[in-house]
Every structure is written in structure tokens, then in C-alpha cells.
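Trainee: Could we go through this structure together? I would like to begin with a helix and then turn to charged pairs.

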Amino acid sequence: MLWRRNLFAPLAALALVLTASAGAGAATDTTVAAAPSTAPAASAAGDFGAPGPYATAVEVGAVTTLYYPRDIADSDRRHPVIVWGNGTGGVPLVYRDLMLHWASQGFVVAAANTPMSNLGISMRASIDMLTGRNADRGSVFFDRVDLEHIGASGHSQGGAAAIVVGSDPRIDAVLPIQPGPLANIDAVRVPTLLLAGQKDSIVFPALVKAFYNATDHIPALYGEVRGADHFTVVGDPGPFAAPTTAWFRAHLMGDQTARAQFFGPGCGLCTDSATWSDVRRNGLALSVPAATP
């Protein structure tokens with residue numbers, strides 16, 4: 001992805017300086033708390049585009065920027081993980097609003113700092129890093145990261161990286177946003193929601209549909225956001241906030257209301273023509289029930 005302005009690099013450098021201490025190095029009591037819950041965090045009555053119930057914090061590391069519930073050390077639950085890949089030349093700061101939105105909904109978001117994310121190396125390293133932090137009694141993340149529920153997402157080149165990382169057995173759901181073509185979706189073995197922009201002139205909707213058309217081996221959906229161009233998700237994520245949140249709440253938190261947005265005869269996406277110019281579900285997705293037992 002080629003950015004419209006060359007301002008992101010200096011802005012990112014400034015952000016690293018200003019936010020490096022936001023969540024890093026905070027001390028925590030090493031007393032073992034009660035076993036945390038695995039129930040889904042509350043959402044705003046199914047309004048997945050609204051801010052979630054958690055205040056948020058940011059920790060900027062050398063490889064990964066973390067966005068997470070601020071009081072995670074005192075949380076009564078373990079929080080699922082979303083690993084993120086940036087578009088070409090991008091850094092997590094570019095997508096800060098979306099990352100903070102997911103964190104407010106109860107996710108730990110591990111955004112790879114690299115502007116060249118296609119191979120997914122830094123995204124996989126983020127999982128390894130959080131695995132270590134979850135086991136570290138001196139970390140605010142100690143025993144509060146749900147490593148059994150991890151999703152992969154990203155934009156443009158990072159969307160392709162999400163597909164690449166989707167072959168990792170630790171990943172439970174994939175959500176590529178306007179993904180570039182350098183990925184093999186045949187290797188993905190988990191449910192996938194592919195998002196395109198109706199007016200995207202960089203990653204044409206047809207390129208995203210090509211990935212969807214190759215998904216005869218996994219439950220897959222294609223959603224084309226009405227009026228969106230390649231940069232709609234940058235800054236304020238607008239129409240991308242709600243469906244991406246619902247997808248990960250459905251697959252990583254077991255949120256039944258969120259699940260109904262994608263599966264079953266009442267599929268919310270399928271009837272929302274104001275948001276979507278095209279929605280498709282493959283045969284395997286059509287066979288997924290609206291609610292889990």
C-alpha cells in the first residue's frame with residue numbers, strides 16, 4: 001500500500017517516544033488471583049461499533065505495539081488476542097483507533113511494528129511474546145491472556161499477512177481487510193471473513209473475491225463495504241469497526257449475538273444493504289448454525 005502522504009514515519013517515531021511508557025514496565029502483585037473467567041466481556045447491547053466497557057492502555061515495544069484493557073492485571077477474565085499486520089509503509093499508529101476500539105471490547109491487540117508484514121514473522125513473534133508475558137508473574141499480563149483464542153487481521157499487505165499467519169495452528173479466526181495478493185488461502189484452516197472496499201482502486205474488490213472463491217475448504221464470507229476506498233479503515237475505521245469487532249467476539253469470545261451477524265438465516269450482514277454493497281457466504285459458512293450449542 002502506498003500512503004498518500006509521507007507523514008506517517010515521523011508521526012510514528014513521535015508516537016514511540018510519547019507512548020513508550022504508557023503501559024510498559026508497570027509493576028504488579030505476584031499473588032495468584034482467583035481463576036479468571038472465560039465468559040465473553042460485555043458489549044454495548046450488541047452495538048459492536050460502540051466503545052466497549054474497558055479503558056485502554058498502550059505499550060510500545062521493539063517488535064510489537066500492544067493495545068489492551070488498562071486494568072488487565074486486575075481483570076476477572078482472560079482476554080483473547082488479535083495479532084495485526086500493517087499495510088505497506090504503515091505502522092500501528094496509522095490504525096490506532098481500530099486497535100483501541102478492539103482493546104475497549106476486551107481484546108489484547110498485538111500489532112506488529114514492521115511496515116513490511118507480508119511474511120507474518122512479527123505477527124507470529126507477537127504470539128510468542130504474549131505467551132511469555134502471560135507466564136511471567138512480574139507482568140501485568142500474568143495469567144490474563146487467553147492464548148486458546150487468537151485471531152489474525154491486517155490491512156492491505158497486512159491483510160495478506162493475516163492469511164499467511166492463518167495457517168498457524170494457534171490461530172482460530174482470520175479477518176483480512178483489503179488483502180494484497182501475496183498469500184495462499186489454501187493453507188488457512190479456520191473461519192475467514194474477507195473484507196473489500198467497493199471503491200478501492202489499489203486492492204480491487206475482484207482481488208479479494210479471488211481469495212473468497214478459493215475458499216471451498218473453510219467457512220468463508222466476503223463483505224464489500226459500500227463506498228469504501230483503500231484508506232477508509234485508516235484513522236477512524238468507520239464502517240469497519242462494528243463487523244470486525246463482531247467477527248472476533250463471535251469466534252474468540254463465543255458471543256452469540258455477534259455470531260448471528262454472520263451465520264444462520266438471519267445473518268445480519270446479509271440484510272444490511274446500507275453498509276454492504278456485496279455479501280457472500282460459501283457453502284461451509286451457510287451450514288454453520290446461528291448459535292452454538
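Mentor: The discussion below concerns a predicted model.

Trainee: Which residues of helix 2 are buried?

Mentor: They are Leu 98, Met 99, Leu 100, His 101, Trp 102, Ala 103 and Ser 104.

Trainee: And what comes just after helix 2?

Mentor: Gly 106 is found there, with a positive phi of about 110 degrees.

Trainee: Changing topic, how many salt bridges are there?

Mentor: The count is 10. One of them pairs Arg 78 with Asp 143, whose closest N and O atoms are 2.9 Å apart. Arg 78 sits in the loop between strand 2 and strand 3, and Asp 143 in the loop between helix 3 and strand 5, so this pair ties together parts that are 65 residues apart in sequence.

Trainee: Is Arg 78 buried or partly exposed?

Mentor: Arg 78 counts as partly exposed because its relative accessibility is 28%.

Trainee: What about Lys 209, which residue does it meet?

Mentor: Its side chain forms a salt bridge with that of Asp 278, at 3.6 Å from N to O. Lys 209 belongs to helix 5 and Asp 278 to strand 9, so the pair links distant parts of the chain, 69 residues apart. Asp 278 counts as buried, at 16% relative accessibility.

Conventions
Residues are numbered from 1 along each chain as its sequence is written. This is a predicted model: local features need pLDDT of at least 70, side-chain atom pairs count only at pLDDT 80 or more; totals for chains, interfaces and linings use all residues. Side-chain values use heavy atoms; hydrogens and water are left out. Buried means under 20% relative accessible area, exposed over 50%, partly exposed in between (1.4 Å probe, protein chains only). Helices (H or I, at least four residues) and strands (E, at least two) are DSSP runs, numbered from the N terminus. A salt bridge is a side-chain nitrogen of Lys or Arg within 4 Å of a carboxyl oxygen of Asp or Glu.
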